[in-house]
Amino acid sequence: MTHPFLDLAPLGADRFAAIEDRVARLLGTEQDVLIMQGEALLPLEGAIRAAAGPGTTALNVITGPYGQTFGDWLRDCGATVVDLAVPFHTAVTAQQIRQAFAEHPEIDFVSLVHAEAATGNTNPVAEIGAVVREHGALFYLDAVASIGAEPVLPDAWGVDLCVIGAQKAMGGPAGVSAVSVSERAWARMAANPRAPRRSYLSLLDWKERWLDGGRKALPHAPAQLEMLALEACVERIEAAGPDTVMARHACAAAATRAGAVALGGGLEPYVYEARDAAPVATTLRVPSGVVASQLVARALQADPAVPLAAGGGALAKEMIRVNHYGADATPGAVRASLAALGTALSESGLSVDVTGALRTAEQTWQQPTPTTGR
Ligand SMILES: *Cc1c(COP(=O)(O)O)cnc(C)c1O
């Protein structure tokens with residue numbers, strides 16, 4: 001019996017390289033783009049372990065849970081880590097980065113998360129990149145939650161290691177991911193005796209065995225199904241136009257934010273300033289006396305199809321995430337999310353204006369592309 005997932009023809013080196021080239025075009029980059037055969041944590045960890053070592057002083061910006069993880073890896077590599085933590089309700093500023101360099105001129109590596117789906121903020125990477133470049137540090141960026149939702153431009157921003165995954169705004173598979181690598185980053189890795197070699201984590205192995213050989217032979221059997229899904233989702237973004245896809249995310253974020261405020265019931269945008277709010281997902285703060293995870297459970301009872309989740313870990317009490325990305329970056333998903341939250345809030349005895357929320361969301365969506373995302 002034939003099955004769409006089974007008995008696939010082999011995925012050859014040519015096709016693999018063509019998919020890499022397609023991802024490179026999406027990123028507008030001339031750098032090497034490697035498609036890693038695992039979820040985005042693979043290149044995220046592989047790039048840190050390759051580029052950082054005992055001689056590294058890393059500025060690790062923490063605007064959500066991923067920044068915390070990067071700090072742990074950096075310390076594990078023997079790097080000296082300067083943590084710059086900003087409250088989850090805001091974004092880091094280029095001025096804070098400048099200040100960190102002034103206090104620690106020895107910083108030679110900067111790790112940053114572009115947008116945080118987990119906390120709903122987005123950081124001004126272009127401005128930060130200019131500061132990082134001025135100081136000659138290597139710039140590592142997690143763009144998993146921003147790619148497809150807002151511009152991600154490693155070359156224009158001076159990003160040396162830019163990691164993406166397709167599972168958020170691209171609406172693609174979670175099982176493969178990609179990293180763009182600058183010449184400077186390759187040189188840093190080559191000079192690091194502790195960079196992983198002969199390891200699944202190794203970027204240098206892929207350089208040696210794949211890139212330097214002209215991409216003629218794959219080092220091992222590729223994750224074929226995920227590669228095809230990645231190709232299909234990039235193709236779909238190209239066909240719709242990346243700007244159109246990003247505009248859908250920006251509109252979804254603006255409409256959700258405005259709609260939630262109009263809904264009332266004590267819901268507030270978790271991220272104070274709209275310009276710091278990520279197009280990929282909108283986070284909301286619940287009123288005191290309400291537990292976010294319980295409110296989300298109620299909302300999902302009202303409508304199991306809505307893209308709602310409670311915040312992770314300690315945030316489960318106070319934060320709701322509206323994951324309006326990929327197939328859910330639509331007016332329908334935003335409307336349904338607001339309506340379900342309205343039902344849940346009124347069941348909790350709070351007074352809400354669902355009609356007003358839906359009208360506000362619709363009007364906000366209709367406005368020209370809002371200026372969220374940068
Ligand atoms: C989603 C996401 C990832 C990927 O991690 P998962 O938890 O496996 O989805 C990495 N970084 C950021 C900023 C993300 O939002």
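Biologist: Which elements each supply at least two residues of the lining of the second largest cavity?

Modeller: Those are β6 (161–165) and β7 (177–181) (strands are DSSP E runs of at least two residues, helices H or I runs of at least four, numbered from the N terminus). Please keep in mind that the model is predicted, with totals for linings using all residues. Numbering starts from 1 along each chain, and side-chain values use heavy atoms, without hydrogens or water.

The lining of this second largest cavity takes in Ile164, Gly165, Ala166, Val176, Ser177, Ala178 and Leu230 (a cavity is a set of 1 Å grid points where a 1.4 Å probe fits but cannot get out; lining residues have an atom within 4 Å of a point). The space inside comes to about 30 Å³, as filled by probe spheres set on the points.

The largest cavity has about 50 Å³ of space. Around this largest cavity you will find Gly120, Ala253, Arg257, Val271, Ala277, Ala278, Ala281, Thr282 and Thr283. Two or more of these lining residues come from each of α10 (242–263) and β9 (282–285). By type, the lining of the largest cavity has five nonpolar residues, three polar and one charged.

Technical notes:
This is a predicted model: local features need pLDDT of at least 70, side-chain atom pairs count only at pLDDT 80 or more; totals for chains, interfaces and linings use all residues. On a 1 Å grid over the protein atoms alone, a cavity is a set of points where a 1.4 Å probe fits but cannot get out, and a pocket is an open set with protein on both sides within 12 Å along at least five of seven lines; lining residues have an atom within 4 Å of a point. Ala, Val, Leu, Ile, Met, Phe, Trp, Tyr, Cys and Pro count as nonpolar, Asp, Glu, Lys and Arg as charged, and the others, Gly among them, as polar.
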